[in-house]
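Reader: Let's go through this one term by term. I'd like each label set against its cut-off.

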Protein chains: 2
Amino acid sequence: MPETKKTRKRPGRQPGTTLTREAILDRALELVERDGVAALSMRRLGEELGVDATAFYRHFRDKDALVLAAYDRVTDELADLVRELDPSLPWRTRLERLAEAGWALSERYPAMYSLGWARITGGPAEREIVEFILGTLASTGLAADRAVLYYRTFADLTLSLSGMRATVAALDPALREKDANAWTNIYAALPQSEYPAAIAHAAELQRVTETEIYELAIQALLDRVEREIG
Amino acid sequence: MPETKKTRKRPGRQPGTTLTREAILDRALELVERDGVAALSMRRLGEELGVDATAFYRHFRDKDALVLAAYDRVTDELADLVRELDPSLPWRTRLERLAEAGWALSERYPAMYSLGWARITGGPAEREIVEFILGTLASTGLAADRAVLYYRTFADLTLSLSGMRATVAALDPALREKDANAWTNIYAALPQSEYPAAIAHAAELQRVTETEIYELAIQALLDRVEREIG
DNA sequence: ACCTGAACACCGTTCAAGT
DNA sequence: ACCTGAACACCGTTCAAGT
């Protein structure tokens, strides 16, 4: 029986496909911000780059390593700011600028930020930012234990508040709406007698912005540092 | 041809399986804290309760609704504390107690907390806590817009810092180790000339605890409220 | 050295079929 | 009214087979 010439399986490397780490990370970042966290799958990323989903395992140990590397790329932008900051600025101004830039970053890359903010990449960008904050606080004359405590509090505060914002922003549209409605429904259907404070402040509650909250928290912390320096 | 009596498919409700909302949530909470966030799948939960994975769709719209309901159950414990708090305590003490209890909750249910902290459930427990914080701040004589701003900042701060801790605690053991090693490697392999501040504070950095950080952030905010009250 | 594609062990969810 | 089980459209990851 003559072998009918069916289209044979031909696994193997195709010509013209040269994957680089940089190209993968660029596309991953673009994909996740465009189509959301759930869209960042190996198969979708493979379609995007014209390769099989399993090709990435030659460049990253697993998906987590890929995501962390992409997040580190985002953090690079913060490290750039740190490098360019005028060293003659007062310590408080320097930290305020950093906090502001971190917030802006979480607004520019909500999806990626929501995936990485609670993780430690150990990358060079991260190290530079640690050195900057610690160096700035130490320059005020703060004792080592206090400088370290304020550094960690500043870092955790900025990361977690930006992270919260990014996480909410990166939620599936359907879930975001669900949560938004929950707020509206709370203040619409509240029994007056049981929730007097919530009712009395309903109008003001609608006006508060996330940015105000972030700034207040940072200022409260920096005030405390300033008072301790004396 | 006589039909051989093979074991026939017999879909349908089995006797003795009566699923309740409460039983589902109890088991979901137990499962997720015991085996981790990744273990909370409809199929695993089905095995746990001796029912098919699809049975839950008669009780919850989708998995997100199930998770949110389980998270609301955790929040109930905070509402209990709020209800039992002595109303004659100073406003600052009341808020400190709440902050402390929220932190403890994120330690007791890290997995569930990590799934819910950034979400708004709109449940009764949540409403009670909102009313408590807002009422406490308003009782200090703060203007409505300031009371609301401080309420939101207090809520976001406690939620996001506890959420960060819970998220890290609920990370896959393999990832947690990876991140922990990242820290160690940073301070072990740092070139002395480029990272003087990090090197100088390496010993102190190992000593800071998450709880200290949380308390400092809360105190900084409450100090600011106190100064504004005058 | 690097990529393919089948395969494995999973997911959430829908829906007709049962009791 | 409520549950089952097949089915669908997905996942991350491994590994032998290709170039």
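Reader: What makes domain 1 and domain 2 of chain A domains here?

Author: An automatic or database domain assignment sets the bounds, and for chain A it gives domain 1 (12-60) and domain 2 (75-229). Their C-alpha centres lie 31 Å apart. The contact (heavy atoms within 4.5 Å) takes five residues from domain 1 of chain A and eight residues from domain 2 of chain A. This is a predicted model, where local features need pLDDT of at least 70, side-chain atom pairs count only at pLDDT 80 or more, and totals for chains, interfaces and linings use all residues. Residues are numbered from 1 along each chain as its sequence is written, chains are lettered from A, and side-chain values use heavy atoms, with hydrogens and water left out.

Reader: Why are helix 4 of chain A and helix 7 of chain A called roughly parallel?

Author: Angles under 35 degrees count as roughly parallel. The axes (lines fitted to C-alpha atoms over the stretch in contact, with angles from 0 to 180 degrees between N-to-C directions) of helix 4 (residues 91-108) and helix 7 (residues 144-169) of chain A cross at roughly 25° and come within 9 Å, so these two helices of chain A are roughly parallel to each other. Among the residues making the contact are A:Trp103 of helix 4 and A:Phe154 of helix 7.

Reader: How do you know that chain A and chain B have a two-fold relation?

Author: Superposing chain B on chain A takes a rotation of 180° with 0.0 Å of shift along its axis, at RMSD 0.0 Å. That is therefore the relation of a two-fold axis. The same surface serves both copies, as 100% of the contact residues of chain B recur in chain A.

Note on methods. Copies are superposed by least squares on the C-alpha atoms of residues with pLDDT of at least 70 in both. Helices (H or I, at least four residues) and strands (E, at least two) are DSSP runs, numbered from the N terminus. Angles under 35 degrees count as roughly parallel, over 145 as roughly antiparallel, 65 to 115 as roughly perpendicular and the rest as oblique.
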